[in-house]
Amino acid sequence: MLCRLGARCLRPLPKLQSQARGPLRAVSPTHDSKWIASPMWAVAAVSGVEPGGAGGWYEALAASAPVWGAEEALLCAHAASGLPWWGSIVLTTALLRGAVTLPLAAYQHYILAKVENLQPEIKNIARNLNQEVTVRANQLGWSKRVARLTYLKNMKRLVSELYVRDNCHPFKATVLVWIQLPMWIVMSVALRNFSTGTAHSEGFSVQEQLATGGILWFSDLTALDSTWILPVSLGITNLLIVEIFALQRIGMSPFQTYVTHFIRAMSLLMIPIAATVPSSIVLYWLCSSVMGLSQNLLLRSPRFRRLCRIPLTKSHSDTPYTDLLTAFYAKFTSRK
């Protein structure tokens, strides 16, 4: 079997279809609208509900080259390691997290640290610009609305120049999301293909192996976890990640608080969703979340941050783990 899988790993892949700072400018009242779309369809793609939709989008996704590549990666890891399927899933998740998301997460912290260190300079610019706009508005008779829009327009321009100067535009910190989310979806769909016998080739043989490739109470990786141990563990791990993130943020804005509550709710919602998909997928989700939690803790280490050359910030602490435990204790004991 190892030879057959190893040979498959060698098959060729299918063909894949500054603005310079200028004088203060007044602006006319305009309205800029922005929207943020939450990829809620990501969970639906691997849930127990039968996929559907115009054009068979799920079928196209399940048969796509990225999913095919994920299947090949899983098969190669299984063949090379000689581990049972539960071990191969854990190994592949750890490798992807360590080789892809950890470097991107370190880069994200690097960018955010530089942005944080710019805040005193940004506040100083905002104060001086506000005074300049006030004087100019009195001289030229601007309305409050024009003055406000002028301030916002020029402030945005000046802050953008600072980001260009220090090469730390906040958008760069979102690269992790744009890589991690598609990878999570592709791996989940690949495991669903294996579990349902719909993989591109050798699907049924892999399905049979998954049926006996588990461990402990989830010996059949193609079946649901009737004990709910894996789904509940997933929810708890995701909640821990959210709480650690929330404890790092002091004085969150109302919007940040709303987003944090929303993610908490999604972490709880993932429990019943995880109970409706094959155990192989839930195992991957749980391993990915555990690696994410470990990654977040590692990135709080002063030694690791120095190794990654992440700049020191005002919020830097030499005892991050002690501070974290103290914050957890204070948060939950204060509710009593």
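## Trp228 and the annotated span

Trp228 sits in the loop between α8 (203–211) and α9 (229–248); helices are DSSP runs of H or I with at least four residues, strands are runs of E with at least two, and both are numbered from the N terminus. Its phi is near 65°, a positive value in a residue other than glycine. With a relative accessible area of 39%, Trp228 is partly exposed. Here buried means under 20% relative accessible area, exposed means over 50%, and partly exposed is in between, with a 1.4 Å probe and protein chains only.

Residues 228–246 carry the UniProt annotation "transmembrane region", which comes from an unreviewed entry. UniProt positions are given in the numbering used here, feature names are shortened, and annotations may be inferred rather than shown by experiment. In the model, the span 228–246 is 95% helix and 0% strand, and its end C-alpha atoms lie 27 Å apart.

## Basis of the model

The structure is a predicted model, in which local features need pLDDT of at least 70 and side-chain atom pairs count only at pLDDT 80 or more, while totals for chains, interfaces and linings use all residues. Residues are numbered from 1 along each chain as its sequence is written, and side-chain values use heavy atoms, with hydrogens and water left out.

## Overall make-up

The protein chain has 13 helices and zero strands. Of its 336 residues, 40% count as buried.

Thr237 lies in helix α9. This residue is buried, with a relative accessible area of 9%. Leaving aside residues up to four places away in sequence, Thr237 touches Leu286, Ser289, Val290 and Leu293; contact means heavy atoms within 4.5 Å.

Leu268 belongs to helix α10 (residues 254–274). Its relative accessible area is 47%, so Leu268 counts as partly exposed. Leu268 and Asn238 are 30 residues apart in sequence, and their C-alpha atoms are 8.5 Å apart in space.

## Crossing of α4 and α5

Two packed helices are described by the angle between their axes and the distance between the axes. For helix α4 (residues 65–81) and helix α5 (residues 85–140), the axes come within 9 Å and cross at roughly 115°. Axes are lines fitted to C-alpha atoms, for helices over the stretch in contact, and angles run from 0 to 180 degrees between N-to-C directions.

The crossing of α4 and α5 is right-handed. A crossing is right-handed if the near helix is turned clockwise from the far one by less than a right angle, and left-handed if anticlockwise. From α4, the contact involves Leu74, Leu75, Ala77, His78 and Ser81, and from α5 it involves Trp85, Ser88, Leu91 and Thr92. Five of the contact residues are nonpolar, four are polar and none is charged. Ala, Val, Leu, Ile, Met, Phe, Trp, Tyr, Cys and Pro count as nonpolar, Asp, Glu, Lys and Arg as charged, and the others, Gly among them, as polar.

## Two further loop residues

Asn167 is placed in the loop between α6 (144–166) and α7 (175–196). Its phi is near 50°, a positive value in a residue other than glycine. At 46% relative accessibility, Asn167 is partly exposed.

Thr313 lies in the loop between α12 (302–307) and α13 (320–333). Thr313 is buried, with a relative accessible area of 14%. Not counting residues up to four places away in sequence, Thr313 touches Ala113, Glu116 and Asn117.
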